[in-house]
Amino acid sequence: MSFADLGLSDELLRSVADSGYGEPTPIQRAAIPSVLMGKDLVGIAQTGTGKTAGFVLPMIDILHHGRSRARMPRSLILEPTRELAQQVSENFEKYGKYHPLSMALLIGGVQMGDQIKALEKGVDVLIATPGRLMDLFGRGKIMLTDCKLLVIDEADRMLDMGFIPDIEEICGKLPKDRQTLLFSATMPPPIQKLAQKFLNDPKTVEVARPATANINIEQRLVEVPADKKKDALRDILRHEEFKNAIVFANRKTTVRELATSLKRSGFAVGQIQGDMDQSDRIAEFDRFKKDEITILVASDVAARGLDVKGVSHVINFDVPWQPDDYIHRIGRTGRAGMKGIAITLATRADAEAVERIEKLIGHKIARAGEPTKALKEAPSKSEAQPKRGRRAEPKRKLEPKAEAKPEPNAEAKPEPKPEPKSAKQQPPRPERSPVVEDIKNEWNGPMPSFLSVSAG
Ligand code: ADP
Ligand code: MG
């Protein structure tokens with residue numbers, strides 16, 4: 001099936017051809033005709049499957065007819081992060097180049113003046129993060145009564161970021177007789193509820209099991225003691241043949257530290273994390289896109305959905321806390337039919353998180369190489385425990401390295417959400433056991449927390 005079979009206008013077919021796309025992706029095939037018919041839609045597909053064009057293309061044709069009025073945008077797209085909002089606007093520019101549509105971007109971290117000016121002239125498409133939109137709404141700068149088309153993109157991420165109440169409020173301000181599209185990689189219960197409440201008899205398209213990792217991604221897990229993680233990362237970056245890599249860490253501070261330390265080791269590296277200005281993030285991301293830097297160290301929120309073509313490697317410096325973040329992270333590679341490699345560094349303390357990820361993706365991640373010699377020397381039982389000021393436990397006197405000193409960048413784990421810890425802590429395993437391997441079949445704990453998280 002080609003794009004021409006989907007009912008899009010000739011102008012759009014031209015801009016799609018200019019983008020170099022041969023065929024629509026499965027989600028695009030399923031979504032586009034139904035959106036063009038004016039139906040509500042729930043689109044479930046993993047990251048990197050082309051959901052953006054799945055709504056941007058039909059929207060351009062829908063909005064082509066009709067005029068915008070001052071302060072009353074005709075359509076609204078909600079995105080969880082500024083970067084994603086920016087990318088969607090770039091998509092409008094790319095595909096809409098033969099259609100004169102006006103657009104405004106409402107995102108935090110940039111001057112509001114120009115955004116307000118654009119709005120006052122009237123826009124066909126408003127792309128916003130919920131926070132900034134609510135802000136402007138409060139100032140009376142915007143009315144949504146003429147907004148006949150709403151897109152809630154990356155809905156599961158909106159949930160993670162606590163945006164669901166905002167979205168509910170925003171939905172209430174839109175006219176009832178509108179078209180609503182909701183896209184998500186996964187459908188946890190609160191998102192299902194949201195869809196039931198605000199969509200009208202939607203068509204549901206699901207192109208792959210939710211949260212199934214892309215088959216074009218080769219996944220590996222490297223078991224390593226916590227204090228050897230940086231060495232392991234450098235080792236990988238030196239020995240893997242990579243074109244470019246995104247390195248994920250769980251915390252902003254780790255992102256910063258890693259970027260600095262990799263730079264010192266001579267790598268062309270940049271960073272993107274939540275504490276940076278919007279303009280700095282964009283600049284950094286551009287350098288990565290242009291190959292001026294080959295390594296981008298990133299945190300989850302900052303990197304969500306970043307669309308870089310042909311990232312060859314994703315490296316998880318930390319195992320993500322939420323199993324679906326794993327899917328999102330590794331989804332940066334293996335995009336649009338290309339092959340990618342995802343390498344995850346895991347310490348013994350990550351055993352349970354790894355277990356949950358494997359449960360979610362439905363298979364074991366291949367362990368790369370042998371456990372290192374270092375692992376033998378430091379059975380790293382203490383990793384699961386708070387480190388600050390702790391003395392090595394008496395039991396550990398078998399270890400050759402007696403002075404088990406606290407790590408400089410302690411990985412002490414304040415969980416972002418208090419997770420129901422699976423009842424049992426792992427029994428001490430002083431023997432040289434690969435980090436996760438041996439406790440494999442024991443985990444029988446609660447469901448991954450994101451499946452049961454509530455919107456309230
Ligand atoms: P998602 O929102 O599902 O995570 P995106 O919309 O960001 O995915 O698209 C992922 C990548 O696939 C982008 O680089 C995009 O340009 C590319 N892409 C989208 N549609 C097609 C297509 N039909 N053929 C080839 N590449 C495509
Ligand atoms: Mg997307």
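**Entry 1: helices α2 and α3**

I began with a helix pair: α2 (residues 26-36) packs with α3 (residues 51-64) at about 25 degrees, the axes lying 9 Å apart. I call α2 roughly parallel to α3, because the angle is under 35 degrees. In passing α3, α2 makes a right-handed crossing. I then listed the contact: Ile27, Gln28, Ala31, Ile32, Val35 and Leu36 come from α2, while Lys51, Ala53, Gly54, Phe55, Leu57, Pro58 and Asp61 come from α3. Sorted by class, I get nine nonpolar, two polar and two charged residues for this contact.

A reminder to myself before going on: this is a predicted model.

**Entry 2: confidence**

The average pLDDT of the chain is 78, and 76% of the residues score at least 70. Where does the pLDDT fall below 50? I found that stretch at residues 370-456, which still has 99 contacts in the model beyond near neighbours in sequence.

**Entry 3: the sheet with β1 to β7**

Next I traced an open sheet of seven strands, paired in parallel and ordered β3-β4-β2-β5-β6-β1-β7. Its edges are β3 (103-106) and β7 (203-206); each has a single partner strand, so one side of each lacks a neighbour in the sheet. On average, neighbouring strands here are turned by 10 degrees against each other, direction ignored.

I zoomed in on one pair. β2 (residues 75-78) and β5 (residues 149-152) are joined in the parallel sense by four bridges, and leucine 76 has leucine 150 of β5 as its bridge partner. Which helix did I find on this sheet, touching β2, β3 and β4? It is α6, whose direction makes about 100 degrees with that of β3.

**Entry 4: helices α6 and α8**

I followed α6 onward. The axes of α6 (residues 130-138) and α8 (residues 164-173) come within 10 Å and cross at roughly 45 degrees, so I noted the two helices as oblique to each other. The crossing of α6 past α8 is left-handed. Pro130, Leu133 and Met134 of α6 meet Asp166, Ile167 and Ile170 of α8. By class that is five nonpolar residues, no polar ones and one charged.

**Entry 5: the sheet with β8 to β14**

I found another open sheet, with parallel pairing and seven strands in the order β10-β11-β9-β12-β13-β8-β14. Here β10 (269-272) and β14 (366-367) are at the edges with a single partner strand each, so one side of each has no neighbour in the sheet. Four bridges link β9 (residues 245-248) to β12 (residues 313-316), and the two run parallel. I also checked phenylalanine 248, whose bridge partner in β12 is asparagine 316.

α12 (residues 278-289) lies across β10 and β11 and runs at about 140 degrees to β10.

**Entry 6: helices α14 and α15**

Pro323, Asp324 and Tyr326 of α14 meet Arg356, Ile357 and Leu360 of α15, which I sorted as four nonpolar, no polar and two charged residues.

Note on methods. Residues are numbered from 1 along each chain as its sequence is written. Chains are lettered from A and ligands numbered from 1 in the order in which they are written. This is a predicted model: local features need pLDDT of at least 70, side-chain atom pairs count only at pLDDT 80 or more; totals for chains, interfaces and linings use all residues. pLDDT is the predictor's confidence in each residue, from 0 to 100. Two residues are in contact if their C-beta atoms, placed from the backbone, lie within 7 Å. Two strands pair if DSSP finds at least two bridges between them. Axes are lines fitted to C-alpha atoms, for helices over the stretch in contact, and angles run from 0 to 180 degrees between N-to-C directions. Angles under 35 degrees count as roughly parallel, over 145 as roughly antiparallel, 65 to 115 as roughly perpendicular and the rest as oblique. A crossing is left-handed if the near helix is turned anticlockwise from the far one by less than a right angle, and right-handed if clockwise. Ala, Val, Leu, Ile, Met, Phe, Trp, Tyr, Cys and Pro count as nonpolar, Asp, Glu, Lys and Arg as charged, and the others, Gly among them, as polar.
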